[in-house]
Amino acid sequence: MPLYSKDAMAMNPLMMEALPTGAWSIPLGPDDPVPVNGRIRALFEVRESDESNELLFDAMREQTYQPYQSNPWVAAVLDAGMAPMHAKGSYTFRVRFPSGEVLELVVLIQRLVRGRTTVIRFQVGPFLHLWSMASAAKANAAGDNDFTQVLLDEVRQARPQTLVAANVSRLVRSDQEGGLLLKVLPDHVDQICAGPLTMKLVGENSEYGRMQFAVLGAMASMERNWIVTRLMTGRIAAGRRGEWLFGKTTVPFGYRLDGKRLVPVPELAGRVRQLLLVLGDDVSPALTVRRLAEDAVPMKRPRDDRTVGESARARNNPRALVDSFLAWVPLWVTGEYVWRFSSPLKGIETFAGAPVVYDDANPLARGEVQVLMTPGVPEGGWAEQALLERVAEVARRRFADQVHAQERSPDRPLADAVRAGSMAGDLHEAVLGPNNEHRRPAVHNPRRRGTKTLAAFSGYGWQEGNNAYELLVAPHGRYKIVERAPLPPATGSAVAAGGAATRPVRPAPSVTLAYVDEASMMRGFVRAFAEACASGVPVELRENVRAYRLEDRSHLIDERSLARERLLRELHTARLRLSNAKRSSLDATSETLRAQYVAFADAYAVEVEDLDRELCDLDQQPAGGPPPTFESATDVLLAAMATLVRGTRLTPEEHAALRILVPDVRLARDPHGAWTAEATVRMPVADGVAELGPIQWQVARSGVGVPSMRAARRAAPQTAESRAEARYRLEHDAGIAPEAARLLTAAPFPELAQLVLHARTGRALPAWLDEPWREPKFMAHVAATYGANPSSWTGPSLYGRRLPRAQAVVDCTATAGRLTLAGYRDVMPGVDANEMWVFARWHQDASRRRGPVVNREIAADGTWSLTNRFCRCGKAALFVVHAPEITGSLMCECGLTVDADPGSTADGVRFPDAYRTLRVTRDQWMLDLRRTCGPLHDELSEVSVRQASILQTMRSDVRRDWRAVDLAPVCGMSAQTCQWNLNQLRRREFVRSTGRPARFELVAPEDVATVLARSWRRRPTA
């Protein structure tokens, strides 16, 4: 079936039977060609410049459709007005035929996005419509116009018989795009109707039509260049007269418009200085925005009465808001600002007397016109010179970081004439202004993600009691299990009975319970599914399940489940809005705003109740008739399962199919702390769809970093201040080093920051601080540790990683009593000897001492072995804890550290029981050993980057036996390092000896490829 045939156009397949006779072939005019099946009869193009408003676009729309309003299909679009422009998903058109019949047609509204151009596409009857507010002349980084490219793509696909526009200038605005249109259109379009003019592109006398289009296109391009040149010349002249080229839309803080000139306001000098003080501190964006809100700094638009704290941008993107203030630093520092815009003409050195600068790295880009404006500063400047220099340095560093991260491209260098007239040319070059038209790099950024992929089980949620749980994606190949407390009840009114304004209760924050391994989730699910299928499929059918095939892809559509999922999405959105409204009411700076947000919260609470009621009604609906036949779903199931087996991420289509095949996934924790997952799977059978399950499997926990440490503390206290604010207090009030402040705020114990603030500033301890944390010796030790220079710490310099290998050695030694290498390899055969002996030595690194966690002994027969170290209480020390305040990283169950020096602040200090939660469990260190030392056929086994390079080289020629001296040059390592890695791979059964000296071959190339894919998924290459 052709894509544009009349049988494929309507969303409702019964619409064609309801049409009056001849409705499909009603002509547009006397010259309308004979309809041809498989081709669009006409494509209506409505375009207005992106610098215009919707009022002009509406006028252009009326001008385009007026000559054809006698056609009922066109009249329906004309009567709809601007509604299709703003419709989401679909729009209902009312088509009135000459016979008096009225047809309500639901039409899909598509938004085609290319670069910065958005085109609205929809089809009503035999006519296709393209609406866009975009330029037909501006070129992208490749030198093409995005709107023209979208138009040509639609023309090639639809092959319309007639292309309709208000005039030729709606199609052509540059010579280059006009030539491209003239090359493509005759192959796909029969004629062009531009107002009263009809230009034939095929058939007799088509040469005249092409000549008319070429001449009128050149005139439209010339007209556009004249208009732009006249406008830009006027703006440059206005800038030379001292007028503010931003106009009334943007006025920096501290200035006002006097007519059309920007002048400083000396009365605001104190507030501008306070603003510069906040920007010069260079703290986190969230804390900067909070301090700006406390100072009631207004937004940049004069008619906008909101302050920074009341703007949605402050909550959604504080970094962008801070960058917008930093962009005006040259104006506050020097009283100058460089206005930059693209030159309307190519190949010129000056434009209206203003210099034009070109980009040598991008010859296709237009030149940049630069105009220096000098509004000035008040007498004495906005602040002292030292503060101005500090703020300028902060702005330089921030925008240099953006350029280095390829978030934005650098500004072009200043022209010689602009630099000669400026007091701070280097500052203008370093700071990226808000009107920088080259914000994105023209070259491809390899850091950006390509095709969008999703983790298989991301987004699954379940309910237990009043709490909701959700499975979210975490870094390093993990999922995190998040617990969300129920929302507090909505307030009934903005004003309480006594007349005072009520403040809603702040919703409880979500809590991360644990991290589980992504690979373990997928492998466990596939194994459990296979075992359940082997035991037989139950015949419990689901009703209202139907399958369709669209565009050669199988999609599963469960009507009831889709309706339920839609309600759940709307309910989730409503709850988020309710939570945001309550939070905004707490942060509001005036009673009027607070009352407004409380009213919003009341409305959202009613919406949540209505959606809950609809969801209950849907679940209680009776079952329908017999289930329909299930078609073409097996390929979806098999494709999803194959993707899970490969251990790769899913495309959005695969993820949507998996969500229908696997409707429910939940996790539960047993008393021993292990997590068990269960899921329900739908399968196609002869009579319909069978529901299999619930199937269950064990999930390995993952993570040894700070997030998993916080997750281990289920009862961790919630502080009133954010981490950024706490870090600011520690650096500025307590006066500790930035590295120590960063560690304290990132630590899993929020109590530590409170202890340091109490000891160094006299700040009162919060009430939620338990008694073990208030012990005087412990408080003195913590204050002395973090108050000293970080280079003098005797413990580890970070919390960021626990030591699973060290804990594995301690636990195995405790189990064996005396651990030998052979005994350690009984636990993990592929382990290397260094993995055992390294934790029995002393290391000296940058004056930081890490003590051994075990003792090494040599027996009379020369056998080396390990034994546990003992605490002064007489018990074996079995807790390896990585924290700066714990000397040597080894702690006893009684709370004492083993390596504390006599007479030091750590001597005799008993650490709170919460530190014992930092110990790596056996499941965690066993998982780590399986990944790094496991054999080839272990489902969790991975290899390092060097080992992966060796295996990849050996896979290039599987028939060859390899030596270390042959592999080393290819893999970029020394022969000694290559030989060590080969021995490690031989121990893990990846390679084996061929019988010849020092020669190796792969054991199973297919299994090696699977391990390589798994390893590179966790450590992607650049």
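**Terms and model.** I count two strands as paired if DSSP finds at least two bridges between them. Helices (H or I, at least four residues) and strands (E, at least two) are DSSP runs, numbered from the N terminus. The model is predicted, so I kept to its limits: local features need pLDDT of at least 70, side-chain atom pairs count only at pLDDT 80 or more, and totals for chains, interfaces and linings use all residues. Residues are numbered from 1 along each chain as its sequence is written, and side-chain values use heavy atoms, with hydrogens and water left out.

Entry 1: I looked up strand E4 (residues 110-114) and found five bridges to E5, in the antiparallel sense. Leu112 has Val119 in E5 as its bridge partner. Two residues lie between the strands of this hairpin, and Gly115 takes a positive phi near 65 degrees. Next I followed E5 to strand E6 (residues 127-133): they pair in the antiparallel sense over six bridges. Here Arg121 has Leu130 in E6 as its bridge partner. The hairpin of E5 and E6 also has two residues between the strands, and its Gly125 takes a positive phi near 65 degrees.

Buried means under 20% relative accessible area, exposed over 50%, and partly exposed in between (1.4 Å probe, protein chains only).

**Entry 2: strands E2 and E3.** I counted seven bridges between strand E2 (residues 90-96) and E3, which run antiparallel. Arg94 stands opposite Glu104 in E3. The two strands form a hairpin with five residues between them, and Gly100 in the turn has a positive phi of about 100 degrees. I then checked the faces of E3 (residues 102-108). Leu103, Leu105 and Val107 make up the covered face. Val102, Glu104, Val106 and Leu108 make up the uncovered one.

**Entry 3: an open sheet.** I found four strands in the order E16-E17-E18-E19, with antiparallel pairing. Strand E16 (461-464) and strand E19 (511-517) are the edges, each pairing on one side only. E16 pairs with strand E17 (residues 467-474) over four bridges. Gly461 has Glu470 in E17 as its bridge partner.

**Entry 4: two helices.** At what angle do the axes of H30 and H32 cross? Helix H30 (residues 945-955) and helix H32 (residues 975-987) have axes that come within 10 Å and cross at roughly 80 degrees. Axes are lines fitted to C-alpha atoms, for helices over the stretch in contact, and angles run from 0 to 180 degrees between N-to-C directions. That makes H30 roughly perpendicular to H32. Angles under 35 degrees count as roughly parallel, over 145 as roughly antiparallel, 65 to 115 as roughly perpendicular and the rest as oblique. Contact means heavy atoms within 4.5 Å. Residues making it include Ile950 and Leu951 of H30 and Leu982 and Leu985 of H32.

**Entry 5: nonpolar cores.** A nonpolar core is a set of buried Ala, Val, Leu, Ile, Met, Phe, Trp, Tyr and Cys residues joined through side-chain atoms within 4.5 Å. The largest has 48 residues, and Leu276 and Trp332 are among those with the most contacts inside it. Helix H13 (residues 385-404) gives the largest share, seven residues. A second, separate core has 33 residues, including Leu103 and Val107.
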